[in-house]
Amino acid sequence: MGICPFAGAFADQVITRGGYDAVVATTLCDQMRRVAGALEPRLPVPLFLFNLPSTWEHEGPERLYRDELARFGLFLSTLGGIPPSREKLANQMLLYARARQRMQSLRASLTGTSFLAMLAHFHENGPTVKGEEYIPGPRRGLPLAIIGGPALACFHHIFQFIEERGGLIVLDGTDTGERSFPGPFDMDRARDDPIGELTKAYFATIPHPFRRPNTFLYSWLRKEIPERDVKGVILLRHSWCDIWHAEVMELRKSISLPLLDLELNNEDYDGAGISCRTANRILSFLEVIE
Amino acid sequence: MNGDPVRLSLDQWDTRYEELRAGGLNEPHYGGPLRRHADGGDRRLCRITFDPSKAALRLWNFLLTEEERLRSARSGGKKIVGAMKDLGTVPVMAFSSPELVAFYPDGAWWLPCFKELNTDLLSTADSLGLGEAFCPVRAMVGAFISEKHFPLPDFLTCSVGATCDDFSAIAQRLHSLGFPILWWEMPHRRPPGNGEASDILPGGTAATRGQIEFVRSELERVREALGNLAREPVDDAALSRGIRAANRVRRCIGELRHMVFTAPRCPLPALEMLIAEMMALHFCSDRDECLAVLEELKDEVGRRVTTGHGILDRDAARLFWVNPVADLRVMNLLEEWGGRICGTDYLFFHALDEIPEDISPMDALAMMALADPMTGSAADRARRIIREIRLFGAEGLVISRIPGASHCATEGIEIAAMIRRELGIPVTEIEVPPVADSLSPVLRNRLEAIIEVIKERRVS
């Protein structure tokens with residue numbers, strides 16, 4: 001067993017980058033949970049480990065999620081943050097919701113590579129993303145969906161490679177892509193109970209294979225794939241990610257489309273571009289489904 | 001038996017069994033020669049050595065007849081609960097009802113070892129997308145599909161959340177294949193924050209009251225489902241009785257562990273001791289008989305300790321062992337190469353600690369579940385290991401990685417670092433696949449190295 005490259009990259013960034021007052025991780029997967037545990041005693045700043053429940057069929061886990069949001073709020077207060085009023089928090093939620101709407105409205109005119117860059121900006125800088133800087137099109141090519149774990153730098157190379165070779169990524173179902181957008185906020189409820197609304201929008205709607213059972217993921221795919229007229233699906237899988245790995249067979253059965261299960265390797269992660277193996281597999285896949 | 005007990009091969013056990021029979025051996029209904037299990041497909045038994053006592057014979061026969069016991073329970077009208085992953089909590093609840101028996105399908109992870117890979121369990125898992133990158137517990141899926149190794153449970157539970165990803169993913173695969181599962185959430189056990197109400201759990205870690213209440217509410221769902229299955233509620237009184245009975249088993253194992261790990265000469269082989277500890281999980285499907293088996297083993301060990309007899313030389317290196325091995329033979333090999341086990345953490349400390357009897361049974365079960373070493377940090381686990389190393393006087397630590405297991409990527413490194421820092425004893429990390437014969441030279445190098453270092457340190 002090795003360390004998942006995303007969890008490893010997270011640890012490297014935390015150790016080497018500096019310039020932050022706290023570190024936040026979640027228990028979404030065992031590797032991230034344990035990396036957080038290993039990092040904590042080595043850090044000069046506090047680490048908050050958000051307990052993300054896997055189950056969702058009963059009210060208990062949702063309550064646990066809500067309690068974790070409240071605990072996270074307290075944690076931020078201990079760092080010097082001032083607890084926001086409900087109104088202020090609701091306004092902030094609105095700001096993010098509008099940014100996501102803006103990105104979604106641009107989605108149909110952007111290539112997958114441009115959309116990925118826009119998402120990266122959003123994740124890094126928050127709702128300041130405007131969208132004008134991401135030039136629309138050309139939107140030609142075989143419509144594809146990418147699903148899988150969280151994006152690392154190599155994803156940009158892979159997206160670009162696919163789109164330069166005749167593919168068009170019309171659905172970004174990676175952990176950092178549009179699949180992880182929360183549901184819409186009810187702003188009336190948000191002003192009354194922002195934590196409750198955050199819980200509903202995030203915990204109750206985001207599809208992910210770590211959920212037990214994992215049915216959200218498949219209902220999302222069944223809705224999005226036909227809507228975007230997807231002709232093939234590429235699963236970008238980080239090494240040692242059991243969660244996505246175990247879904248491969250079920251995905252093949254459920255989506256009824258060609259699926260390329262692409263486990264990334266060391267050369268893909270080294271920053272110099274994508275490996276020959278990955279390139280060949282993508283080219284073969286594109287050729288076969290064209 | 002006079003003099004030191006000598007470990008026996010399966011062939012030698014054939015002779016020994018005949019001698020015992022001639023001497024009027026009185027066995028339970030599941031008794032018989034060990035050979036029959038090997039003839040029935042458990043070929044690994046031909047490659048391992050056994051303790052020569054009647055008590056060990058009973059232990060092995062009890063272990064290797066579990067499938068028959070489960071089938072007999074079903075034909076007697078009982079419902080079978082397949083508890084997954086929590087390792088020690090749900091079976092205590094299930095056995096509180098006279099209508100239920102429980103077992104861990106997880107135990108199928110040893111089947112490839114017992115069958116020396118002459119089984120389609122792993123290839124079935126492969127064909128379902130669960131290849132070698134996953135922990136050997138993937139064999140469980142093959143066992144469900146083939147229906148050859150245990151009767152299909154009437155009801156399945158699985159704890160998820162702060163568990164290992166392998167298991168969660170494998171259980172999800174099972175669910176997708178049409179085996180309904182009651183999922184219950186196990187939160188990550190975290191240290192209580194300033195001012196947060198908390199309790200000390202069995203084993204010494206702490207959890208917040210909020211987390212205990214949450215786990216209790218999850219277990220209430222399990223309790224309700226068990227009651228529906230049994231067609232009678234599993235009430236607090238029944239649970240309290242179940243907890244007391246489970247504690248009798250845990251106390252017996254605790255006494256056995258203490259005697260075996262602290263005796264000047266090792267009185268019981270590591271392999272039999274591993275099996276005895278595993279009995280804490282689901283009482284090998286018969287709680288009363290389990291206690292009787294363990295009591296007999298404890299008596300045997302007590303006699304040996306009192307008379308100063310043992311199965312190993314006095315100078316065997318005293319090792320603490322972390323994680324269960326996928327290949328049982330490795331426990332034999334460790335002893336052949338000069339080591340003995342003086343302390344273990346087979347990933348279920350919480351199933352060995354006594355469950356509180358002076359509080360509400362559901363609170364007690366929630367606290368026990370939260371004490372699972374898997375749900376907390378590696379540092380928590382290491383602290384417990386340090387305490388036990390001191391208690392049992394272990395001189396070195398062996399961390400046995402489980403192939404493919406998500407927690408093994410970082411946990412061993414962290415535990416090893418803490419043990420070196422706090423105790424300054426030698427540590428080695430190995431990885432043991434279901435059949436480790438081809439890796440035997442590598443394992444031997446590593447284990448002999450730590451044993452040699454321990455013995456050199458004694459001299460200096």
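In this predicted model, Asp353(B) and Arg384(B) are joined by a salt bridge, with the closest N and O atoms 2.8 Å apart. The two partners come from distant parts of the chain, 31 residues apart: Asp353(B) sits in the loop between α15 (349-352) and α16 (361-370) of chain B, while Arg384(B) belongs to helix α17 (residues 378-392) of chain B.

Arg58(B) forms a salt bridge with Glu296(B), and here the closest N and O atoms are 2.7 Å apart. This pair also links distant parts of the chain, with 238 residues separating Arg58(B) in helix α3 (residues 54-64) of chain B from Glu296(B) in helix α13 (residues 287-307) of chain B. Arg58(B) is buried, at 17% relative accessible area, whereas Glu296(B), at 25%, is partly exposed.

Lys223(A) and Glu227(A) both lie in helix α9 (residues 215-227) of chain A, four residues apart, which is about one turn of the helix. Their salt bridge has its closest N and O atoms 3.6 Å apart. Lys223(A) is partly exposed, with a relative accessibility of 46%, and Glu227(A) is exposed, with 55%. Over all chains, a search of the whole structure finds 63 salt bridges.

The next topic is the meeting of the two chains. The contact involves 38 residues from chain A and 42 residues from chain B. Together, chain A and chain B bury about 3,200 Å² between them, and 54% of that area is on carbon and sulfur atoms. How many salt bridges cross the interface of chain A and chain B? The rule finds two. The side chains of Arg34(A) and Glu411(B) meet in a salt bridge, at 3.2 Å from N to O. Polar contacts across the interface of chain A and chain B amount to 15 residue pairs.

On the side of chain A that touches chain B, α2 (30-39), α3 (59-78), α10 (242-245) and α11 (248-255) of chain A each supply at least two residues. Of these, α2(A) gives the most, with seven residues. By type, the residues of this side divide into 14 nonpolar, eleven polar and 13 charged.

Key:
Residues are numbered from 1 along each chain as its sequence is written. Chains are lettered from A and ligands numbered from 1 in the order in which they are written. This is a predicted model: local features need pLDDT of at least 70, side-chain atom pairs count only at pLDDT 80 or more; totals for chains, interfaces and linings use all residues. Side-chain values use heavy atoms; hydrogens and water are left out. A salt bridge is a side-chain nitrogen of Lys or Arg within 4 Å of a carboxyl oxygen of Asp or Glu. Buried means under 20% relative accessible area, exposed over 50%, partly exposed in between (1.4 Å probe, protein chains only). Contact means heavy atoms within 4.5 Å. Buried area is the accessible area (1.4 Å probe) that two parts lose on being put together, summed over both. A polar contact is a pair of N or O atoms within 3.5 Å; within protein, one must be able to donate a hydrogen and the other to accept it, and residues adjacent in sequence count only if both atoms are side-chain atoms. Ala, Val, Leu, Ile, Met, Phe, Trp, Tyr, Cys and Pro count as nonpolar, Asp, Glu, Lys and Arg as charged, and the others, Gly among them, as polar.
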